Amino acid sequence: LRNINIMIEAITWIFIFLVLYWSYCFFWGVRASKQIATGDDYFLSGRNLSPWVFAIAATGISFAGWTFIAHPGLIFRDGFQFANTSFFAIAVAISGVVLLKRQWMLGRRFGYTTAGEMLAAYFKDDTLRIISVGIALLFGIPFAALLFGSSGFLISELTNGIFSRNVAMWSLSGFVLLYSIMGGMQAIAKISVVQTILFFLGMILLGVIALNLVGGFDNLNEGLANMAKSLTSHLGKTKGMGGGNFPGYFSIPGVIQFTDGIGVETPKGGPWTAIMTLTFMMSVMGIQSSPTFTMLGFTSKSPKGFSIHQIWGAAACVGIIMLLFSTLQGVSANLLGASSAVNKAGFAVANYLPELSKEQYTELVIHYIKLIGNSSPWMFGFLTICAVAALQVTAAAFMFTTGNILCRDIYVQYFNKDADYRLQIKSAKIFTALVFLCGMLLASFSMEATLLLGGLAIAFSFQLWPSLLSITWFPWITKNAAIAGLIIGLIVVVFTDTLGQKLTGGRLPWGVWPWTIHSAVWGMFFNISICLIMSFLTNNDPDREHREKFHSFIREHSIRKNNDRWSKPVGGLLLMVWMFFAIGPGSIFGNFVFGKPNNGYEDWMLGMPSIWAWQIIWWALGVGVVWFLANKLRMSTEPEIEIKSISSE
């Protein structure tokens, strides 16, 4: 009876916080709808979004979706070698430093609304526009559906099945559709601010709770030392890879392993080699080269929002949340009952969590929240809403922008070029609803397809980099080179990822991510190779003069008042050093530089696993590198010369 009363009270608190959360969302949906007077107001919040609002919203949209649920669970499963992927906070920030400001300048000058419009105008061809729409659909339908589906699963599990996954998913996600189509981009951005704050609070609270349950930082590390010295996880040992024969859970298994790929050949000591981490970092850079993020960048009133997001939102806040609080959740679970091997060895401090297999890693955060419900029902309700908000902040942005992209790049471009802003907004709402419906049906009836297609979205988006680099930095990349490279890159991504195995019935001679290299980078290798070869073989490019007009404009508005000839080489050197030691081959030194992981707690110089200390040190240095690039090199600061829209001249 007591357990029933606790469950009723906990579910009551979920509804209380859900009503408060929905009230805020509905308020901004209504308020923003009353401020829509032009197409730009709906699609891009009038290109006048406060830098701070942009920075917080962009941070949540970039990271919150999958990190809240999946990241701690994967650290629990694969240990500190996976924790090294937390540097994606820095990698995403760096990708934004390279691309966002210059795209914003072009959008401000020429009035672009979507990435497709910008690509078509620059290359004088619609092929890249169509491909960008296809990539947007991957984000808007399967990728968003994956996140919406996760929110439904979360509620179903936390209410012990009182609400089925599909009922919870449709109910929660339907409200997201409502406020999105009501208030447009302004509603998405303003609501994202609170969703991002809830994401931060949820991750921090769960990390603190995990640390408290395990008995503090010293107890945690003493328990980890016992594990490293006496137990072998499913990852095994590195067997010479990574500088010694270390437990794979506590070390990076070498620079690279020339395996045939996951599913065919298992790497020694685990899959997350230095090159695997590096190429994974490069793949997640696809988040900020996505069509959604190009649109989001156009909304900011000033590039100041970019530097705030890149330095303090992504690199600093998300970085420390991943490397400290998410890692605390993941590794503490071993000592709280989640690991059968640790339980059998007698190293667990308590059996607070149920034993989880390596396939059940996504359930870890759910079990932490359930655990809180036994002692603090109101905290249970609050953490549940934190998780829902984290999943929805990313899903809402991708769903909404995909509907807008379909309106602008398909309906207006090919069917009704004379549509006024009212008709465009109405059409965008219809397309957004269709995107939502397709995603929900996919998630309801085929989670396998949702996972396969949603997993390709970021890797596909990364293939847009050469085209976007052409627009922002390199006019010598030709139209045909960009198109051919992109198409071949997309094909290679498919056949080095899970979908390729499915399409061929497993008959490919390699598995997923061969040579411990992510499929996105396999695609980019062929993408860039074709781009370079075709561009350099084109001696007589009739469109070069047209492209140079865009770059002349960028150069004219990027003139620096103070000519510091040392900043660029210093910035480049800092970036290369950081990449080598943090996420590249040099990261293997972290395995043992502060004490070998299997030599016992007394050998750990800083009282924690060497690799963890190494990661935190290089995270702090990475924040400095992002600051240098964004501010010192002025890659994310206000242009020296005011940009005037062509329509205002």
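**Exercise 1.** Which side chain does a polar contact of 2.8 Å join to that of arginine 408?

*Solution.* The model is a predicted one.
Step 1. Locate the residue: arginine 408 sits in helix H15, which covers residues 377-415.
Step 2. List what arginine 408 touches, leaving out residues up to four places away in sequence: Phe43, Thr113, Thr114, Glu117, Gln413 and Gln424.
Step 3. Look for the polar contact: the side chain of arginine 408 is joined to that of glutamate 117, at 2.8 Å.

**Exercise 2.** Decide whether arginine 408 is buried or exposed.

*Solution.* 
Step 1. Take the relative accessible area of arginine 408, which is 18%.
Step 2. Compare with the cut-off: buried means under 20%.
Step 3. Arginine 408 is therefore buried, because its value is 18% and the limit is under 20%.

**Exercise 3.** How many of the residues of helix H11 are buried?

*Solution.* 
Step 1. Helix H11 runs over residues 291-299.
Step 2. Go through the buried residues of H11: Pro291, Thr292, Phe293, Thr294, Met295, Leu296, Gly297, Phe298 and Thr299.
Step 3. The count is nine of nine, and H11 is described as mostly covered.

**Exercise 4.** Where is glutamate 363 found, and what is it in contact with?

*Solution.* 
Step 1. Glutamate 363 lies in the loop between helix H13 (340-345) and helix H14 (364-373).
Step 2. Setting aside neighbours within four places in sequence, glutamate 363 has contacts with Phe153 and Leu356.
Step 3. As a distance check, take lysine 596, which is 233 residues away along the chain; its C-alpha atom and that of glutamate 363 are separated by 31 Å.

**Exercise 5.** Which radius of gyration does the protein have, and why does it agree with a compact globule?

*Solution.* 
Step 1. A compact globule with 649 residues would have a radius of gyration near 26 Å.
Step 2. The protein has 24 Å, so the value agrees with that of the globule.
Step 3. Turn to the contacts with a separation of 6 or more: residues 24 or more positions apart account for 79% of them.

**Exercise 6.** Describe the make-up of the protein in helices, surface and charge.

*Solution.* 
Step 1. The protein contains 25 helices and zero strands.
Step 2. Its accessible surface is about 24,100 Å², with 64% belonging to carbon and sulfur atoms.
Step 3. There are 42 positive and 32 negative side chains, and the centres of these two sets are 4 Å apart.

Notes
Residues are numbered from 1 along each chain as its sequence is written. This is a predicted model: local features need pLDDT of at least 70, side-chain atom pairs count only at pLDDT 80 or more; totals for chains, interfaces and linings use all residues. Side-chain values use heavy atoms; hydrogens and water are left out. Buried means under 20% relative accessible area, exposed over 50%, partly exposed in between (1.4 Å probe, protein chains only). Helices (H or I, at least four residues) and strands (E, at least two) are DSSP runs, numbered from the N terminus. A polar contact is a pair of N or O atoms within 3.5 Å; within protein, one must be able to donate a hydrogen and the other to accept it, and residues adjacent in sequence count only if both atoms are side-chain atoms. Contact means heavy atoms within 4.5 Å. The radius of gyration is taken over C-alpha atoms; the globule rule is 2.2 Å times the number of residues to the power 0.38. Accessible areas come from the Shrake-Rupley method with a 1.4 Å probe; for residues, only the protein chains shown count as cover. Lys and Arg count as positive and Asp and Glu as negative; His and the chain ends are not counted. The place of a charge is taken as NZ of Lys, CZ of Arg, CG of Asp or CD of Glu.
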